[in-house]
Amino acid sequence: MFTFGSYTTCSVGTWGTGPFDNHAARDVLDSLRDGSFDLRHFQRSCGTGVLDSDEAEAVIALGALTKLPADGLPDGVAPRDLTSLYTPQSKAWLRRRINQAMCSESSSVYALWEPTGELNQWLHTAQAALP
């Protein structure tokens with residue numbers, strides 16, 4: 001179960017500890033709603049190296065979507081919009097990338113959460129998003 005944390009809007013966007021509480025995740029949701037999201041394109045754009053903070057937050061949101069029941073999906077997102085996320089290959093990719101996002105030694109998003117006092121809450125959200 002995901003809890004939606006409080007979030008803050010600032011000059012660099014919206015962010016919060018919940019899986020959909022940041023601008024990168026909201027951009028993914030918008031792309032799913034309008035039909036423009038393409039998982040393969042997103043995977044290619046992430047490359048094979050370390051994810052930047054927006055990519056990491058988007059990957060966590062995608063992982064969280066795979067865990068939600070159909071009646072718990074965000075407004076405007078339907079199970080048919082998520083078909084590409086449910087393959088074994090996609091789930092393995094999401095698991096690998098979410099685990100990288102939680103790595104204290106190399107993750108830019110981890111480094112952003114570390115000084116906030118909400119790192120453990122964010123880690124709990126990321127862990128819960130593992131498909």
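This is a predicted model: local features need pLDDT of at least 70, side-chain atom pairs count only at pLDDT 80 or more; totals for chains, interfaces and linings use all residues.
Biologist: Why is Cys46 called buried?
Modeller: Its relative accessibility is 6%. Buried means under 20%, so Cys46 qualifies.

Biologist: And what makes Cys103 partly exposed?
Modeller: Cys103 has a relative accessible area of 26%. That falls between the limits of 20% and 50%, so Cys103 is partly exposed.

Biologist: How do you know that the span of helix H4 agrees with its 14 residues?
Modeller: At 1.5 Å a residue, residues 88-101 should span 20 Å. The end C-alpha atoms are 20 Å apart, so the two agree.

Biologist: Which residues of H4 are buried?
Modeller: Ser90, Trp93, Leu94, Arg97, Ile98 and Ala101.

Biologist: What do the buried residues of H4 pack against?
Modeller: Helices H2, H3, H5 and H6.

Biologist: What makes the aromatic pair of Phe42 and Trp93 edge-to-face?
Modeller: Their planes stand at 80 degrees, and edge-to-face needs over 60. The centres are 6.0 Å apart, within the 6.5 Å limit. Phe42 sits in H2 and Trp93 in H4, 51 residues apart.

Biologist: Why is the pair of Trp113 and Trp122 called stacked?
Modeller: Their planes meet at 15 degrees, under the limit of 30, so the pair is stacked. The ring centres lie 6.4 Å apart. Trp113 is buried at 3%, and Trp122 is buried at 1%.

Key. Residues are numbered from 1 along each chain as its sequence is written. Side-chain values use heavy atoms; hydrogens and water are left out. Helices (H or I, at least four residues) and strands (E, at least two) are DSSP runs, numbered from the N terminus. The expected span of a helix is 1.5 Å times one less than its number of residues. Buried means under 20% relative accessible area, exposed over 50%, partly exposed in between (1.4 Å probe, protein chains only). Contact means heavy atoms within 4.5 Å.
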